[in-house]
Amino acid sequence: MGRFVGRDPAGYMLDYSLYNYTWNRVCRASDPFGLYSFDVDDENCTVTLNFKLQFFFDDGVDANGNPLKWTEAEKTAYAETAESLIESTWGGGWKIVPGKQNYQSGSTIEWIYGDWFGVGVECLGPVVVPAYTACPCQSGYVTKVNITSVIGGSNPTDDVEAKVVKIPQGDWKRSYAGTSTASLDSEDVRERTMDNGMVQVPIVHEFGHMIGLHHPCHNKPNNPNCVDSSGAVDEYLDPNTGKPSSSVMGSGMSTSADLMEQWREAVNDEHSECGPFSIERVK
Ligand SMILES: [Zn+2]
């Protein structure tokens, strides 16, 4: 697609109106490892994060050293529960809403340089901006998550690879997730009461790490709201209030606007002519 340089004082981008809306709906790899993508759908007005997750199930032992073996049914149930918990917690609660269009029909572009409809153009002008065409999805894009899980497999793939060890029910084991591997346990799809009394399902928190998010007070030693009474950083605190964060990246189950930033960026990248986009709560 050609680029235009307009000398109009408004400084708008013209691609949208001049091409009369022929944007492709493109999957956009947005993470450094290419493990997931966003699909901006202008017909259904949704922006979906597509995410692949590969589970490897390891047997464990109970407190008496007796083996704890996964059954095939348990593996399937774990993967299905993880999918639905992540999709319902991270999707549906927010909308990405376009801003005002920043060009005016009827205004004049004095000069255009570069490639126009595949024809090399040194300069062209003046040009009157064509009639206004509305951006799609003026009422906003609903945020969604689509998890595709794979059980086992021999070769490392481009999925996030999650090792899941079976532990006694109700036990506690600290789980970990990064942006390419995760270490989980069989209790991570169940509600867990945290030290501060909040309830969280660990798999939805670990998913946040898989898409590159940190705890709210991560790496904020100089923020007094992130330091506990002993002077140590408590990453699960809310940097604005100093109280335990109810965000899913803290100790709770709520997604906050800042956690939706990647969805906003995805829509903005695809429709920069309709921005700036903002994030609004749907429910
Ligand atoms: Zn964490």
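Tutor: Asp-188 counts as buried because its C-beta atom has 24 C-beta neighbours inside 10 Å. The cut-offs are these: a residue is buried if 20 or more other C-beta atoms lie within 10 Å of its own, exposed if 12 or fewer, and partly exposed in between, with C-beta atoms placed from the backbone. This is a predicted model, in which local features need pLDDT of at least 70 and side-chain atom pairs count only at pLDDT 80 or more, while totals for chains, interfaces and linings use all residues. Residues are numbered from 1 along each chain as its sequence is written.

Asp-188 sits in the loop between β14 (181-185) and β15 (192-193). Here helices (H or I, at least four residues) and strands (E, at least two) are DSSP runs, numbered from the N terminus. Leaving out residues up to four places away in sequence, Asp-188 touches Ser-175, Pro-202, Ile-203 and Glu-206. Two residues are in contact if their C-beta atoms, placed from the backbone, lie within 7 Å. Val-204 is 16 residues from Asp-188 along the chain, and their C-alpha atoms are separated by 8.6 Å.

Helix α3 (residues 202-210) packs with helix α2 (residues 72-90) at an angle of about 70 degrees, and their axes are 9 Å apart. Axes are lines fitted to C-alpha atoms, for helices over the stretch in contact, and angles run from 0 to 180 degrees between N-to-C directions. The two helices, α2 and α3, are therefore roughly perpendicular to each other. By the cut-offs, angles under 35 degrees count as roughly parallel, over 145 as roughly antiparallel, 65 to 115 as roughly perpendicular and the rest as oblique. On the α3 side, Ile-203, Val-204 and Phe-207 meet Ala-82, Leu-85, Ile-86, Thr-89 and Trp-90 of α2. The residues of this contact divide into seven nonpolar, one polar and no charged. For that count, Ala, Val, Leu, Ile, Met, Phe, Trp, Tyr, Cys and Pro are nonpolar, Asp, Glu, Lys and Arg are charged, and the others, Gly among them, are polar.

Asn-219 lies in the loop between α3 and α4 (261-270). Asn-219 is exposed, because 11 other C-beta atoms lie within 10 Å. Its phi is near 60 degrees, a positive value in a residue other than glycine. Cys-45, in the loop between β2 and β3, is partly exposed, with 16 other C-beta atoms within 10 Å. Cys-45 also has a positive phi, of about 55 degrees, although it is not a glycine.

The strands on either side of Cys-45 form a hairpin, with four residues between β2 and β3. Strand β2 (residues 36-41) and strand β3 (residues 46-58) run antiparallel, joined by six bridges; two strands pair if DSSP finds at least two bridges between them. Ser-37 has Asn-50 in β3 as its bridge partner. β3 also pairs in the parallel sense with strand β11 (residues 141-151), over 10 bridges.

Finally, let's step back to the whole chain. There are four helices and 17 strands, and 30% of the 283 residues count as buried. Among contacts between residues at least 6 apart in sequence, 62% join residues at least 24 apart.
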